[in-house]
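Welcome, and please load the model in your viewer before you read on. We will go from stop to stop, with something to select at each one.

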Amino acid sequence: MTEVRSPETDSSEGVGDEDETRNELELETTRADGSASAEEGTGDDALQEGGQSDRPPESPVKRPTRSLASGLLQRLARLFFGCLAAVACAVLYATYMSLYHDRKFWFSIRQELEREITFQGGSGFYYYYYKHMLTAASFERGFYELMVDNRTLSGQTINAVERFSLYPELITSFIYRLTGGQDFVEPIYFYVGAVFGLQAVYVTALFVCSWVMSGTWVAGMLTVSWYVINRPDTTKVDYAIPLRDNWALPYFSCQVAALTGFLSNNIRSATEMCCYLTLSATTFVFLLVWEHSHYVLFVQGLCLLLLDSFDLVPARKMADIHKAYLGALFLAYLFHFQNAALLSSPLLSLLIGSVLARYFQQKMKMGPLVARVMKLFLHFHLVFTTGITFSYLVKKLVPVSESDFILKFLEVKFGLNTTTDFVTNILLCQESFQTPGQDFFLRLTQASVLPFYLLVLTVCLLSTLQTIYRRLSGQPMTANLRLEDGRVGEQPEVIYHVFHTLLFGGLALLFDGMKYLWTPYVCMFTAFGVCSPELWMTVLKWLKLKSIHPIVLSLILSTAVPTIIGFSLWREYCPRVLAELSDVQEFYDADTVELISWINSQAPGAAVFAGSPELLGTVKLCSGSAVTSLPLYSDVHLLRRSEDSYQVYSMRSAEDIYKILTSQKANYVIIEESICNELSPNKGCRIKDLLDIANAHVVYDKGEIYSFSKHGRFCHEIKMNYSPYTNYFTRVFWNRSYHVYKVNSVISFQY
């Protein structure tokens, strides 16, 4: 019997509220129990065809009322328990991270100075600005002082808000002042609690994303479980709380969840508008709080470009997403004080190229298969050619020095060029820019994530390729998929996540730091797949099983597989997670505490310190003194200043080092034993080796590299306390880890 539908009904953009409700109830009931849903779906189809039934005439009126009421009740019950599970997972995770952090650093029993030193990874200096905002006479006064900051980098007046992306500290300090937080919680606990609260939002967004895609909140619980088990590869919040990505990535996860809901076909207009507003707001905040966010959104933009090019999502939705991106970029440009990096960002170039290419190729999605493939290649050519041209013109009008450096860095990274440049080589030696080791994949395999991820990705990718072929062949997208269709790759939100995980996964194979962007979504995508009846139905449809009804088997598999996985994870990893909370760890850096105490008590308030960027970040945090550099690897100018500060570990004369330090207006220089006497298995990545290569103080003999210079290594020679080193420097403090030398303002020639 042929089902009669109006053109509006077939369109995914014009479905009425009553039809949407009926379709959603059919889908939810089908996932709950296979046989009952089939009967209800048959009844609804009969009503659509003309209301014919074997029952008395009054039955067609009473049956839908009962069906809608019971279906609505079931839906509300599932929604209630799902939201309860999401909130419970978020609260438990935030509590777990707080307890783990306290046990790891003995945070609650430390003094204020010792607590601040626990901010590792060079991230502590961000917290200094939070303290500054709280000690300022008013919020407005503190904000002004940060915009004309001359107490951070020696000899420079900078806009610290723009240069260091300090909006998280500004917002947190404003809320602390506004709520009177000083009456009931210490500033550092409020700051740390805000970060852990955002991590709760992070896992909630992942929970909701997998729930929306699979139709069951069990997927959300499995997502959070995998996220916690693989914590070393999903987050850095347990050891470097103030890092920008710990503030930004929760907003990105909310943006991805909102985008997932917005791309879905089975969504009401009110829900779609809510998703769109959330998408717009979180995109703006993400751009606001992290200097690298536009690169992440560029990769996401490539995923959306593929969706649009293959005609897998309505053109109206893509236009709305472009408006959200452009609006967020414009607002971020204003809030970042007209930052030129956003104008020359690859994200803006991609958006301009996409909009112009769509305007010039309005009939790209029409015609036979061969013609559409040719138009598709032309479309990609137009997008990237236009984007590259736009970026080139912007860089000519608004010079951005970082862009050229990034290209040179990538050339060296991929083996297209070699360099002796210290800054390039030290970045290549950073762990986040190296390829991930085998232990990363071993951890994912042991937690059972990687095997199931490859299974889910393979099924979704093959189904997506089938959908792309059908679209290029001119077949329309099915607006309201049924379980028995077995087309998991025809859902726009699933297709997006296939592209998302492939692109970010490719980057994670090249750069170890990208795993923090990829692994959380691996957990989410895998949990969606094993809990999705549509995915198992797709597999069974390909296998063409006849021994058992495929709908029943897909429902059984979508329940049994996550149950078995969850039980095995609970049995193996629950004791380990609880043991982490009971394990007493000891973290106490006595030498650093002694150094900072000496600076606070003996050094002048206007003193300027030179040293390694990581140590200077701690000095700035705990003493407020001006420094010569900070550990910000996205700022080329700071990296160049760091190179000058690192010269105390090179093989240069005392006079050369003195000239470098006085040019930076340094009053004291801190030499670290851990750098001066570094014994690393990776010899080419030691600071002193990189300096020798950059300063041409090396000789090559039979493939080996040896350091050679007429001067000894400065950090060793200065400890000998003989001329000419004593002419330029005077030792004023030392312990096992640090030696502090005063840079003499008047040179005394002693022999």
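Which cysteine does a disulfide join to Cys676? Select Cys715: a disulfide joins Cys676 to this residue, with an S to S distance of 2.1 Å. Please keep in mind throughout that this is a predicted model.

**Stop 1: the Cys676 and Cys715 pair**

Now turn on a surface. Cys676 is buried, because its relative accessible area is 1% and the cut-off for buried is under 20%. Cys715 is buried as well, at 0%.

**Stop 2: the Cys429 and Cys685 pair**

How many disulfides does the count come to? The count is two, so please select Cys429 and Cys685 next, which are joined by a disulfide with an S to S distance of 2.0 Å. Here the torsion about the S-S bond is about -80 degrees, so the disulfide of Cys429 and Cys685 is left-handed. This pair also links distant parts of the chain: Cys429 lies in the loop between helix 21 (422-428) and helix 22 (438-446), and Cys685 in the loop between helix 32 (673-676) and helix 33 (687-694), 256 residues apart. Is Cys685 buried or partly exposed? Cys685 is partly exposed, since its relative accessible area is 23% and buried would need under 20%.

With both pairs on screen, follow the bonded cysteines along the chain: the disulfides follow the pattern 1-3, 2-4.

Two further cysteines are worth a click. Cys83 is partly exposed, at 37% relative accessibility, whereas Cys460 is buried, at 0%.

**Stop 3: strand 3 and its partners**

Now select residues 668-672, which make up strand 3. Five of the five residues of strand 3 are buried, so the strand is largely enclosed by the rest of the structure. Show the side chains: Tyr668, Ile670 and Glu672 point one way, while Val669 and Ile671 point the other way.

Which strand pairs with strand 3 in the parallel sense? Select residues 608-610: this is strand 1, which pairs with strand 3 in the parallel sense over two bridges. In this pairing, Ala610 stands opposite Val669 of strand 3.

Strand 7 pairs with strand 3 in the antiparallel sense, over five bridges. To see individual partners, pick Ile670, whose bridge partner in strand 7 is Val740, and then Ile671, whose partner there is His739.

**Stop 4: strand 7 and the hairpin**

Select residues 738-743 to bring up strand 7, which is mostly covered: five of its six residues are buried. How many residues lie between strand 6 and strand 7 in their hairpin? There are three residues between them. Click on Val740 again: Phe733 stands opposite this residue, and Val740 is also the bridge partner of Ile670.

**Stop 5: two crossing helices**

Select helix 11 (residues 218-229) and helix 25 (residues 515-531), whose axes come within 8 Å and cross at roughly 145 degrees. The crossing is right-handed. On helix 11, the contact is made by Val218, Ala219, Leu222, Thr223, Trp226 and Tyr227. On helix 25, the residues in contact include Pro520, Cys523, Met524 and Phe528. By class, this contact has twelve nonpolar, two polar and no charged residues.

**Stop 6: helix 26**

Move on to residues 533-543, where helix 26 is mostly covered, with eight of its eleven residues buried. Among the buried residues are Pro533, Glu534, Trp536 and Leu540. Just after helix 26, stop at Lys544, which takes a positive phi of about 55 degrees.

**Stop 7: Gln255**

Is Gln255 buried or exposed? Gln255 is buried, with a relative accessible area of 1%. Leaving aside residues up to four places away in sequence, Gln255 touches Leu279, Thr282, Thr283, Leu297, Gln300 and Tyr325.

Key: Residues are numbered from 1 along each chain as its sequence is written. This is a predicted model: local features need pLDDT of at least 70, side-chain atom pairs count only at pLDDT 80 or more; totals for chains, interfaces and linings use all residues. Side-chain values use heavy atoms; hydrogens and water are left out. Buried means under 20% relative accessible area, exposed over 50%, partly exposed in between (1.4 Å probe, protein chains only). Contact means heavy atoms within 4.5 Å. A disulfide is a pair of cysteine sulfur atoms within 2.5 Å. Helices (H or I, at least four residues) and strands (E, at least two) are DSSP runs, numbered from the N terminus. Axes are lines fitted to C-alpha atoms, for helices over the stretch in contact, and angles run from 0 to 180 degrees between N-to-C directions. A crossing is left-handed if the near helix is turned anticlockwise from the far one by less than a right angle, and right-handed if clockwise. Ala, Val, Leu, Ile, Met, Phe, Trp, Tyr, Cys and Pro count as nonpolar, Asp, Glu, Lys and Arg as charged, and the others, Gly among them, as polar. Two strands pair if DSSP finds at least two bridges between them.
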